[in-house]
Every structure is written in C-alpha cells, then in structure tokens.
Amino acid sequence: MNTPLQAPAYAAPTLDNCDREPIHIPGRIQGHGVLLAFDGEGIVRYASENTLDLLDCALRPGDNIAMLPQTPCTAIADKVREGLQALRGEAELPMPAELQAKGQTFDVVLHISDGLLVAEFESRHHSANELAGFAVQAHRTMEKLRRPRAINELLQLATQELRALTGFDRVMAYRFRHDSSGDVVAESCNPELDPYLGRRYPASDIPAQARRLYVVNTLRLIADVGAPTVALLQSDTVPIDLSASILRSVSPIHIEYLSNMGVGASMSVSIVINGQLWGLLACHHMQPRQVPYSVRMACDVIAQVLSSNVQNSLMRTHNERAQAAGAIRTRLIEDILHSDDEFAALCRCAADLAVTLQAEAAIVSLGAKVHTRGDISEKSAKAILEWLGTASDEVPADRLFQTHALPLLAPALAVAAPPWCGLLALPFDRERGGWAIFLRKEQIETIHWGGRPEKEVRPGPLGPRLTPRGSFDLWKETVRSTAEHWSGVELDIAGQLLDEMQRAQHARNTELNRTRTQLMAVLGHDLRDPLHSISMAARVLEKGGDTDGRAGRLGQRIQSSSSRMQRLVSQVMDMSRLQSGLGLDLQLASADVAALLTDLIDEARTAHPDTELRATIPDTLQGSVDADRIAQVVVNLISNARHHGKAGHAVEISASALADGGIGISVRNVAAPIPDAVASNLFSPFKASSAGNVRNRSGMGLGLYIAHQIVKGHGGEIVYTYEKGNVVFSVHLPATA
C-alpha cells in the first residue's frame, strides 16, 4: 500500500532538542527535483509526490521499473537500469547524466543508500554553453588555490572565486574553534550588505548531527528557503536515509534561522581535514538561487584543493614546531641522563621549552627547589605548585594536565597567582615534587558575536518555543579569566616531552639504585679499615706501657682513622641531601675569607708537614659565604692537590678580589693533565676514575661533586684548567650569593 511518510516518533524540532533532530531522515525533499529509490529487483520503494508533475512518469512505491511504459519513461528506465547493475555489483555507479522530460532539462544523480539505489532528478535552468564557461572559470580558480599561500589568504581567495563562480551575494569562510564555535575569517560580499567578517557564531548554530553530515556530504544547496517541500511516498515502514542526497529537505529550525538573516538561498561547502570538519565556505543569496549541479561539483573540487593546501600548510607548521621541539627535547634528555643535577638540566632548557610551547612563563620544581622563568613571582609559583600537589581530583597523578581557565578551576589562584590563566603541567616525578609547568597570562578577549548567542523563548513560526536568534547585528562580549587554548600541536609536544622525561627519570632512578649499592660496598670496605685500626689501638692502650712512645703514635693513628671516618660520613650525608632534593642548607653570613683560608692552610701544614704549601692571600677578603662550607671546598681541593700532585713540588693556594666584586680562589699543583674523558666528568659523583685510585684509596668520588654543589649554591662556579704543567682548580664566588 502506497502511503505518505508518517511523522517520525521524535518530538517536533525546537532549539531545545535540535541537537537530536534526525535531519538525515526528514521524509521530504526540496521541490525543485524528484527522488526515486529502488531495490535490487527494480521495485520502487520510495518516490516523491511530484514525480508525475515534473517527469511525466507515474511511478509509485511497489511499481517495477520493467513495467514502465515506453514513452515518456524510457530514458528514466535506462538510467535506473545502469544504476541497478552497480547496486548488484555488476558495474560501477554511472556518472551524473542529463535527462530531458516535459521540455525541461534534469541532472540525474545516483547513489546507494542502505542497499537501495537512490535516483535524484534535479531541474536545471542553464544551457550547456553556459556550463562550459563555468568549467573554464573553475579550472582557473583551482590553479590559483594550488599556489602556496598563508591560510587566511587562501580562504579570502576562495571566497572571492566562489562568489564570482556562483553569483551569491555573500560568501564567507568559517574556521571552527576547539569548542565548535566558528569565526568568519574571510568574506566576499555585495557592498550593500552588512559585512560579517570577524564575527563569531556559537556552536549551537551547527548542531553535532549537522556537522557529521557536512563531513559525509560535503556540499549542500538550499535553492529556495521559502519554497514548500515535497513528501516521499513509501512502501517501507522506516524512512529512507538521505544523508548523501542532494535534494534532502531542510530542518525547520535552519529554515527559520536563514529567514531571520534575510537569506533566500544558501550553499555550504565543507573544508574537511583529516576526516574532521575544519571549516566551511558558506554562500548566501538574498533571493532564491539554484546553482547547477555541475557548477556545485566544481565548487566541491575547489574546496578539496583548498582543504589539501590548508592541510599542507598546517602540517608544515606542525612539522617545523615538532622538529624544533624535538631538538630541544633531545638536548634536555641527554643533559638529564649525563648530568649529576637533573634540576639544573631542566632549568637550562626551561626558556627554550617555553618558547616552543608559546608560553609566557615556566616553573621547574624538584623537592624544595623551585626555578622560574618569565614574569612570574616566586610566591605565585609556590601557590600553583601547592595547588597541583593537593588537587588530586582535578590533576592526574602522572599524566599531562592542562587548562586555559585556571582561576575558574581554582578560584583561590585568581588572588594568589594573577594573571596566570593557562597552565600546562608535566609531572615528571610526582613523588619528589618534580614538575615542569608552562603558563599563559589572562587574555581579555572581546568577541564580536553575530547576534547575541543566548537563546530566548519567544513565539516563532512553529509556535511558542525557543527560536533561532532573530537578530544578527553585531553583539560584543568581553571574556575574562581565560587564556589562549593550548593547541593540539602544543599538547602533542608536551606529551612527548613528558614521556621522555619520565623514561629518563626511570633510568636515573635505576642508576641511583645501582649507585646506592656501590655506596654501601664502598662504605663497608673503607670504614672497615679505620674501625679495625681504632679497635687495635684501643686494645694496645688498654694493656698500658709507653716505654718507647707507642701511645703517642697510637693516638695519632686513632685521630687519623677517626678523621677519615668523619669525612666519609659527612660526604655520604651531603650526598643524601643533594640526591633527595633537600640541598645543602647553606647559611650565608659576612666573613673574612682571607682569615678562613689562612687558618685552613695552617691546619694542613700541621697535619701534613711533608707537603709544602705556598699561599698568596691578601690581609682581608670580605664576602657573604657559608664559612664552614667554603672551608669544606678548599680542604677538598688541597687534599686532591696533595694526593695527585708530583712529589717534591709545592701546592699553591691563592685568593683575590675580582673586578666584578666577587672572590677568586685557586689551588694548583704540578701534575700531568687530567685526561679529557675524566675531566668531562670531574664534578659527577661516584666517578669510575675514583674507584681503586692508588693515590687516594679512601676516595669515593664525592668530594669534587659536593664542592661543585656548594659553590653553585653560592651562585658561583668551579672549573678545572691546565696551565703550564699545573692542574688548576679555580673557584669564583659572586659578590652577592
């Protein structure tokens, strides 16, 4: 039984439910064409009510194409039979063709939907000669768009060319944002029309299901906004899917939307990149306008050329940024793996990483240490770190965290850390408070909306309900407490960086575990000898008797062994503090460095009378230092010079005030140069060159490492050089630590 398509079971479309409106099965088509759908046997399953009026062929659901009379339906039957061969898999789907019926020309377009052959007959009002001119014009447009240009320049060119090709009053290029709202970034329009360039339209203007259809069917024409639609007759109980149809009718919501804009005809061409709707070329005409199918297909190809060029431009930019980020990431990871101070390695790369991620500030933290880059105060940095450490519900434990609206997510930070709103946080070592954080400032943005984006309840053509926006006049909105969104490229760069940092951290932890084992072995060996000496000397002293001065020598042995033990234990404790991120807890105060050095040299001469020490030190040398720690540095350097210098040659110690107001200290001894392989790793802990050193058997390779950390903690530097047969270690302490 032939029955008109019944009203679907869903509610009437309103702006409350338009995002759920099944626009792909409207059950109706636009009135300037005919639609027929056949099964594999050639039986009509769906037919538009106007078939007889336009084609002079009385086809109805249930009819067989083989039963058509020879005249005037022969041409229609021939087209359908070709399509049925494709439906049965016996041939390719025929290309669009031309048909004459009732003195009118039709474009015949076939496609397959849900196992049915859908044949659409769209009336055409242009001659073949006119269409030939369109083809030449379209070819020239494609050639122009193939040339490399900036994206917005490409879009502007596309709007101008499409307007010239189609004759629409207005052609706009939309570029969609992360939230599916769209900006008009290019426009070509009739001078009498109000320009929409620079205006933004909310995501609700194009519901999700409409966006999906724009990807499936990349060109959509509404020839006459005010024309009545035509129902489909059917023999099935379910409506036909018209997603790929060129004649599919339009949602009443969208018709009302276009009417509110004063639009009489509309055409949309999709810009699809990587399977996603990236943008639209939207064409508006103030009167009805039917663009021929062949011209529309040329427009579709133009959009594909445009999409390809835009994608290439985006990919080129992405690759350039990824390549720059990869170089920085490689340098950082190598620095982390080969440096004894991962925090310092991160600090060195923080500025470059911030530039790559287009961030205005960066924070690096590890344990109690915090380093900032950019215009951010230490107070703000600590407030952000404290929130990240406590916001376990919002911030994942070991994954990338990002937001563009930090004050909205954490209102307390609006006061504690203004004006920072964009945050990209990389937790490379959450247990030790290891974070690499990148920040963006608040971007106070004035949005030029195309009409007020909020929906209002008012009587509409379809009754009292939420209606589409009735005004498209410029409406401005100021947005605060947000920053520029982190782009997909930036999130990819940050994600790769976090993965590499976490792998490097795992490698470091593995090395630290190995080092701890080595440390325990060294301590077990090096503490055993002095303990044994102390034990034996104590037993001898217990037996009494001192006829030949043995008690004095034993006392010296006990003192020497105890000093070795104290030095080993002190180094291990310092190493533990450094590796745990606690630092050396320097206590800076004004001190006379010259007096300090003089005392240290006198002690060394008393303890080692067989070593000649030469000093060049001024009478006074004031500085802001931790005196005990600087003494530790100098004692270590003198000890190294005594152990490694050539016998019979003096160790020289000098100090002086520097031109920049700082203090310079140097210790030199006559010796062969340190090999490059060893020199490059002098200030690292547990150096292989320290193990089994016959000149210093009790050394663990910690002395120079700790000395380096002490000097660095003062804001200074310690360096090794080789000068005229002398190994020289030079310390530079700044005027203000």
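The model is predicted: local features need pLDDT of at least 70, side-chain atom pairs count only at pLDDT 80 or more, and totals for chains, interfaces and linings use all residues. Residues are numbered from 1 along each chain as its sequence is written, and side-chain values use heavy atoms, leaving out hydrogens and water.

**Core**
- The largest nonpolar core has 42 residues. Such a core is a set of buried Ala, Val, Leu, Ile, Met, Phe, Trp, Tyr and Cys residues joined through side-chain atoms within 4.5 Å. Buried means under 20% relative accessible area (1.4 Å probe, protein chains only).
- Leu637, Phe729 and Val731 touch the most other members.
- Elements giving two or more residues include helix 16 (627-644) and strand 30 (726-733). Helices (H or I, at least four residues) and strands (E, at least two) are DSSP runs, numbered from the N terminus.

- Five strands form an open, mixed sheet in the order 25-27-28-30-29. Strands pair if DSSP finds at least two bridges between them.
- Strand 25 (613-616) and strand 29 stand at the edges with a single partner each, so one side of each lacks a neighbour in the sheet.
- Strands 28 and 30 run antiparallel, joined by 8 bridges. Ile663 stands opposite Leu733 in strand 30.

**Val109**
- Val109 lies in strand 6 (residues 104-113) and is buried, because its relative accessibility is 8%.
- Beyond neighbours within four places in sequence, its contacts (heavy atoms within 4.5 Å) include Pro96, Ile246 and Tyr293.
- Val109 and Ile246 are 137 residues apart along the chain, with C-alpha atoms separated by 8.4 Å.

Technical notes: Buried means under 20% relative accessible area, exposed over 50%, partly exposed in between (1.4 Å probe, protein chains only).
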